[in-house]
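This report walks through one protein model, sheet by sheet and then helix by helix. Please keep the sequence and the 3D view at hand.

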Amino acid sequence: MPSVAGSEIRLHVAGMDCADEAALIRHALAKPGIEALNFDLVGRRVDVTFNPARITAAAILDAVAATGLAAHTHQAGDVVGDDHHTHDHHHHVAKYWAIASGVVLSIGWIIDGVYADSWSEALFGRHGEHARHAHHPYAAIAYGIATFAGLWPMIPRAITSLRFGRLDMHVLVCLSAIGAAAIGQWAEAATVAFLFAIAHLMEAWSIERARHAVATLVGHEPGWGDDSGHESAPVERWIEKFAAIYTPVVTFAAFALVLLPPLVDGQWGVWFYRGLIFLVLACPCALVISTPVTVVAALTSAARRGVLFKGGAPLERVATAKAPTLQAVHEAGVNVQCRTSPKSVERIDVVLTCDHDEDIEFLVSHAKRALRVIRQNVTIALATKFAFLVFAAFGAAPLWLAVMADTGATVVVTLNGLRLLRARPAVPSIAA
């Protein structure tokens, strides 16, 4: 059935802070009549192109609501603020559960410390992953409560993800904590649940900081300006494809690690524990969020200098220019136009306040700097993942440290991308 031109709605999704939420929505909207989806994680936005003869806007909203994420429509240019109460309430509740988990976890450690031979044994176990740690019965109860408190806010999301046939971070962490408890690692299970609860809050804080930083510069939340027809950067599309392959591959590797090596050495508990770490590392959050945060920060700071990019793709193409001249920029495949030109802005890639030499120099140097930061972020995210996958396979990384590393990488790449909000003046040399 032919498509009806111009059928597009823009959704604002409260709580869409990570690739997991985007993947869940993409799965829920894999329906006849949905022609394209464009996600803006920093702005919590989804642009949906659809054929109204096959699916209605109301049906699209119902499909998103079925994921447990609140969504409503917006027009381009609208100030987004009416979801903050719902979003903030969710994170306040999650914060209280995280605090409760940490308090009860500490009580368990204290009980174990009093009855254990040493405090290090109480904190880290007797022989790490190679033997069950004999917890005091009251300590084990405290660890069980701490595990429940840490996992409780994410259990509804985990159930929803399973209902849609997805193994996202909520499911993976729940499985990891339950698995650790099943092999007697109660303290580790509680620590994982508590650390992920804190990690979830840290990730939300870092993304919220990005939103507020952009809003401070442009006067409204990111993604809600006149950005119709914006084009995603090729590196963003590559990362989305990579993440779609990475998660199932690592999840499969986790099950292989649990089942195959024990057939040789018989150490089922050891390899089960290592497989749990692989499950934690299967979520590509840091990798997926690294590029959009950087691109939004770069586009925002450029706009404050009078340089308007029509998305991440023109930014990446400008970065390939070999000199700070308008001719070199045109040779890079970018259509640059002065804002005062009568040509429609819909047919160009970059709009300049004017086309003086210093504007072109800033255009190229800023794009090259953005591309360097994107490469840094991708390297940080990938290096962290693969390093801990190797460590886990050889038993050199505890489960709780894998959670910390994964979350730390997400926060680091977000803050690194936000550096681009401070636009640097153009310099004579713009070598990559």
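An open sheet of 3 strands has the order 5-7-6, with mixed pairing. Strands pair if DSSP finds at least two bridges between them. Strand 5 (307-309) and strand 6 (336-338) are the edge strands, and each pairs on one side only. On average, neighbouring strands of this sheet are turned by 20° against each other, direction ignored. Strand 5 runs antiparallel to strand 7 (residues 350-352), and 3 bridges join them. L308 has V351 in strand 7 as its bridge partner.

Some ground rules apply here. The model is predicted: local features need pLDDT of at least 70, side-chain atom pairs count only at pLDDT 80 or more, and totals for chains, interfaces and linings use all residues. Residues are numbered from 1 along each chain as its sequence is written, and side-chain values use heavy atoms, with hydrogens and water left out. Helices (H or I, at least four residues) and strands (E, at least two) are DSSP runs, numbered from the N terminus.

Another open sheet has 4 strands in the order 2-3-1-4, and its pairing is antiparallel. Strand 2 (34-40) and strand 4 (71-74) stand at the edges with a single partner strand each, so one side of each has no neighbour in the sheet. Axes are lines fitted to C-alpha atoms, for helices over the stretch in contact, and angles run from 0 to 180 degrees between N-to-C directions.

Strand 2 and strand 3 (residues 45-50) run antiparallel and are joined by 6 bridges. N38 has D47 in strand 3 as its bridge partner. D40 is bridged to R45 in strand 3. Strand 1 also pairs with strand 3 in the antiparallel sense, over 5 bridges. There R10 has D47 as its bridge partner, and L11 stands opposite V46. Strand 1 runs antiparallel to strand 4 as well, with 4 bridges between them. V13 stands opposite A71 in strand 4.

## How the sheet is covered

Which strands does helix 2 (residues 57-65) lie across? Helix 2 lies across strand 1 (8-13), strand 2, strand 3 and strand 4, and runs at about 25° to strand 1. Strand 3 is largely enclosed by the rest of the structure, because 5 of its 6 residues are buried. Strand 1 is also largely enclosed, because 5 of its 6 residues are buried. Buried means under 20% relative accessible area, exposed over 50%, and partly exposed in between (1.4 Å probe, protein chains only).

## Nonpolar cores

The largest nonpolar core has 61 residues, of which I25, V46, V48, I60, V318, V329 and V350 touch the most other members. Helix 15 (residues 357-393) supplies the largest share of this core, 12 residues. Apart from this core lies another, of 41 residues, including A254, I277, A402 and V403. A nonpolar core is a set of buried Ala, Val, Leu, Ile, Met, Phe, Trp, Tyr and Cys residues joined through side-chain atoms within 4.5 Å.

V48 touches S7, E8, I9, L11, L29, I34, A36, L37 and I60, not counting residues up to four places away in sequence. Contact means heavy atoms within 4.5 Å.

## Helix 11 against helix 16

The axes of helix 11 (residues 268-281) and helix 16 (residues 399-418) come within 9 Å and cross at roughly 10°. Y273, L276, I277, V280 and L281 in helix 11 meet L399, A402 and V403 in helix 16. The contact residues divide into 8 nonpolar, no polar and no charged. Ala, Val, Leu, Ile, Met, Phe, Trp, Tyr, Cys and Pro count as nonpolar, Asp, Glu, Lys and Arg as charged, and the others, Gly among them, as polar.

## Two buried helix residues

E21 lies in helix 1 (residues 19-28). E21 counts as buried, at 3% relative accessibility. Beyond four places in sequence, E21 touches G15, M16, L69, R157 and H170. E21 and T67 are 46 residues apart in sequence and 8.8 Å apart in space, C-alpha to C-alpha.

T291 lies in helix 12 (residues 285-304). T291 is buried, with a relative accessible area of 1%. Its contacts, leaving aside neighbours within four places in sequence, are V235, E236, I239, I374 and V378.
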